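Subject: Structure for your review

Dear colleague,

Please find below the structure that I am handing over to you. The notes after it set out what was found.

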Amino acid sequence: LALLFRTWLPWSVRRWVRGKQYETVLVLGEKSVAGPVEAELQRGLHLSTIQAAFPHGPGSEERLASLIASSQAKEVLYLAPAALPETIRALKDVCRRHHVGWQFVPLRENSDGHGSGALLLGDITVMGANGSSITGFNLLYKSIFDLFLGSILLLCATPVMVLIAIAIRLTSSGPAVLAQERVGHLGNRFTMYKFRTMYENTNDERHREYVQNWMKNQAHTESNGHQIFKITNDDRITPFGRLLRRYSLDELPQILNVLKLEMSIVGPRPAMPYACFSQMHRGMQNSCF
């Protein structure tokens with residue numbers, strides 16, 4: 001197996017990548033500006049590019065749609081920092097109708113801040129769509145994936161979870177598994193499960209105070225030069241609980257939440273209700289949900 005993964009598999013992957021047709025990006029703009037960006041897309045992201053001038057005047061949207069169809073592009077990149085807002089809106093509308101991504105060099109008045117994000121290509125900043133939301137078939141596909149992978153993880157993790165539960169009961173008093181109320185998708189509350197890592201009947205006032213300071217950007221610790229927004233040296237945590245937290249083993253019972261479709265294998269951490277609704281009070285509900 002080691003020989004297989006070290007020789008044949010990398011060779012097969014490289015062969016597949018070489019034979020794979022690269023995704024095409026339609027680059028709209030003057031050649032003098034588009035050239036360096038095309039080179040960066042081809043070199044750094046291994047994309048194929050087609051360069052063309054942005055169509056203006058009557059029938060420009062139809063000509064743009066024809067360019068997208070003929071190039072079979074999956075993304076449209078518009079390089080014109082002085083573009084009028086109505087031109088950008090027309091670009092977005094055509095791309096959305098043809099289900100292709102769009103990006104453009106942003107001016108402040110061209111960005112409404114909704115559903116868009118920034119990307120750096122070389123030394124040029126472009127603005128584009130953040131990606132489609134998980135709805136419809138994508139939501140069904142994700143749910144099936146969560147159920148399938150969650151079932152496999154539960155089967156594999158059950159022996160480990162049993163041993164952890166026994167060790168928790170032997171090293172400190174109290175239940176092995178905690179049921180906490182959390183706030184999930186669209187603000188719906190649910191019961192989240194996790195292994196107990198703290199001593200029984202600990203006070204949560206310290207955490208509540210920390211959350212308030214965290215929302216003011218006044219609470220963090222440093223680790224390897226990076227800010228970490230969590231309480232360190234918390235004397236409420238048991239010695240065995242520190243070990244569980246270090247390797248995130250206390251999160252294993254959340255597989256049950258995944259199977260109940262309350263959580264996802266990949267997704268944001270659900271917030272405590274008091275943290276969530278404190279954020280809502282401050283007008284920051286988007287960071288919570």
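This is a predicted model: local features need pLDDT of at least 70, side-chain atom pairs count only at pLDDT 80 or more; totals for chains, interfaces and linings use all residues.

Two strands are said to pair if DSSP finds at least two bridges between them. Helices (H or I, at least four residues) and strands (E, at least two) are DSSP runs, numbered from the N terminus.

Residues are numbered from 1 along each chain as its sequence is written, and side-chain values use heavy atoms, with hydrogens and water left out.

The chain as a whole

The protein chain contains ten helices and ten strands. Of its 289 residues, 34% count as buried; buried means under 20% relative accessible area, exposed over 50%, and partly exposed in between (1.4 Å probe, protein chains only). The chain exposes about 18,700 Å², of which carbon and sulfur atoms supply 58%; accessible areas come from the Shrake-Rupley method with a 1.4 Å probe, and for residues only the protein chains shown count as cover. A contact means heavy atoms within 4.5 Å. Among contacts in the protein chain with a separation of 6 or more, 60% are between residues 24 or more positions apart.

Strand β1 and its neighbours

β1 pairs with β3 in the parallel sense over four bridges. With strand β2 (residues 48-52), β1 also pairs in the parallel sense, over five bridges, and the bridge partner of Thr24 in β2 is Ser48. In a regular strand the side chains alternate between the two faces of the sheet. Both faces of β1 are covered, with Thr24, Leu26 and Leu28 buried on one side and Val25 and Val27 buried on the other. Five of the five residues of β1 are thus buried.

The nonpolar cores

A nonpolar core is a set of buried Ala, Val, Leu, Ile, Met, Phe, Trp, Tyr and Cys residues joined through side-chain atoms within 4.5 Å. The largest one has 19 residues, and those with the most contacts inside it are Leu28, Ile68, Val76 and Tyr78. Two or more residues of this core come from each of β1 (24-28), α3 (60-71), β3 (75-78), α4 (85-97) and β4 (101-104). The largest share, four residues, is given by α4. Apart from this core lies another, of nine residues, among them Ile168, Phe195, Leu252 and Ile255.

Not counting residues up to four places away in sequence, Leu28 touches Ala52, Ala53, Phe54, Leu64, Leu67, Val76, Leu77, Tyr78 and Leu79.

α4 has 13 residues and reaches 18 Å from its first C-alpha to its last, close to the 18 Å expected at 1.5 Å a residue; the expected span is 1.5 Å times one less than the number of residues. Within α4, Thr87, Ile88, Ala90, Leu91, Lys92, Val94 and Cys95 are buried, and their cover includes α3, β3 and β4. Just after α4, His99 takes a positive phi of about 60°.

Ala69 is found in helix α3 and counts as exposed because its relative accessibility is 52%. Ala69 and His98 are 29 residues apart in sequence, yet 8.4 Å apart in space, C-alpha to C-alpha.

Strands β7 (residues 177-183) and β8 (residues 189-195) pair in the antiparallel sense over seven bridges. Leu178 stands opposite Lys194 in β8, and Ala179 stands opposite Tyr193. The two strands form a hairpin with five residues between them, and Leu186 in the turn has a positive phi of about 60°.

Ser248, in the loop between α7 (239-246) and α8 (254-259), has a positive phi near 60° although it is a residue other than glycine. Ser248 counts as partly exposed because its relative accessibility is 44%. Leu261, in the loop between α8 and α9 (273-281), likewise has a positive phi of about 60° and is not a glycine. Its relative accessible area is 47%, so Leu261 is partly exposed.

A disulfide is a pair of cysteine sulfur atoms within 2.5 Å, and by this rule the count comes to zero. Cys95 is buried because its relative accessibility is 0%, whereas Cys156, at 57%, is exposed.

Yours sincerely
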